[in-house]
Amino acid sequence: MLVNLHVKNLAIIDEVEVDFSDQLNVLTGETGAGKSIIIGSINLALGQKSPRDVIRKGADHALVELTFRAQDPHQRALVEEMGISMEGDEILISRKIMAGRSINRINGETVTLAMIRRIADVMIDIHGQNEQQSLLHSAKHLEIVDRYAREEMGDRLSEMAQGYKEYQKLQRELEQQEIPEEERLREISFMKYELEEIEQAELIPGEEEELAGQYKELSNASDIAEGLGAIYAMTADGNATAAEQLGQSLRILHKLSEFSPQMEEFCGQLSEIDSLLTDFNRDISDYMSEFDTGTEQLEQVENRLNLVRSLKAKYGATTEQVQEYAKKLQEKLEQYEEYEEYRSTLQRRMARQEEQLQQLAGEITAIRKKVSQRLEKEIVKALRELNFLQVQFEIAVRPLDKMNSFGQDEVEFMLSTNPGMDMKPIGEAASGGELSRIMLAVKAVLAQHDEIPTLIFDEIDVGISGRTAQMVAEKMAYIGMTHQVICISHLAQIAAMADAHYLIEKNSRQGHTSTDIRLLDTEQSGGELARILGGVEITDSVRESAAEMKQMAQKAKEKLRA
């Protein structure tokens, strides 16, 4: 359930914080007070796209935080599956909105909006002001039936979606392989040429770097030879070389060592230098004797380097990528060379996949037809409780010509609200106000069959009054006995049923306007009921009517609980 809402710098809200009860919460207020902003802030936190002007003027960011209590193991498992730790049973979803970007967190961990939406799907069901319009579309009817049938369906719908995706992939692959014979032979010839070019090259990982080093060395061979010759002449070959000078120095030190022990130390140091120089001269001599300054090796290295680079330019940035390209090319070549067999294999795979999907779709259809009979009865019962006294309701499950990712069914709600009238699609048979009540009936039924703990209704009572309003209020109270309900309403009957009644009001002080929300006590709630009932002038009789309505609501709730 939703425990707390905290909003800051959003639209005309400076900062508000609301603690919700776990039953029926009703939010009322004057038109334009900002009721829609409260629900809008919840939608924002749960991943809805933020409008450009959502940040309050003068602020650099807006913040919305929702604190949920997750008592269901499935909800907790979903959070932990995402790698998010939980302390106790609370889930804190926060969204900080700045110009051009937002930061989204769950329990302090940065997450994507997709992750927030996944959690929202199992935590809360929001009925917006225009959601009843979705009842005009058969896709919504299918969604409602499948949601009701969740337990019987098991994993069938996800298996159907995945299987159909694989079927479409095979279908696209088969369509892409519709190749004219002349084009196929031309492609085979070109693929063989490319494969032969790659295979003959026998590329080795790291070869290009090694060849580049060799090329650099060989292309500067004359400079290297000349330089090493000059060094060798200075250090080893001829008179007055470094080696000769070291030898003379050592002889002098040997003589001087007779007079001072320090000379022995100098002599040892110089001997090490002499030994290093001897090794150095020998290495230079060996290198020079093996060093090839000719053009033949340079030409070989250059040609090989050009070949390696040209292949990488054509087939991949690295040797590994070229080899991977060759592997895929070989597979494609085999497909083209064994074209008919390849197509036959694809067709057989498609036929097997289609057969499996047909069987799965048949199981899904059977479940939909079975549960639709139960769902019809429950919705009819709920509709009669909402003052549809002579209603007839039917769920038509019809076969489609082709399969899709949901199976092979079309589902349509059929309705007749008056005796003697034919059953018609719900969009033709129901008015706008009736659509709202029908959606409430559907939500009430679904609430008893799924694990979503919180339901939000944003002015679902539009277009109703009198006895119907009272019956809607009682239905809200009934749902609130087993689920947390948060309802924005303009009806006194619904407000009277509230377990927690909140007032949303707009305040203007010194040119600054802001929306606030506060929990009303019993007396204050009575005053708000009187305002809703009385309009401009609130008389004593209006106050008495409000008090009577509150008493009647209390008796109605006691009767529901009995």
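Student: What stands opposite Ala 396?
Tutor: Glu 412 in S10 does. This is a predicted model, where local features need pLDDT of at least 70, side-chain atom pairs count only at pLDDT 80 or more, and totals for chains, interfaces and linings use all residues. Residues are numbered from 1 along each chain as its sequence is written, and side-chain values use heavy atoms, with hydrogens and water left out.

Student: What makes S9 and S10 a pair?
Tutor: Two strands pair if DSSP finds at least two bridges between them; strands are DSSP runs of E, at least two residues, and helices are runs of H or I, at least four, numbered from the N terminus. S9 and S10 (residues 407-416) have nine bridges, in the antiparallel sense, so they pair by that definition.

Student: Why is H16 called roughly parallel to H17?
Tutor: The axes are lines fitted to C-alpha atoms over the stretch in contact, with angles from 0 to 180 degrees between N-to-C directions. Those of H16 (residues 432-447) and H17 (residues 466-480) cross at roughly 20°. Angles under 35 degrees count as roughly parallel, over 145 as roughly antiparallel, 65 to 115 as roughly perpendicular and the rest as oblique, so H16 is roughly parallel to H17.
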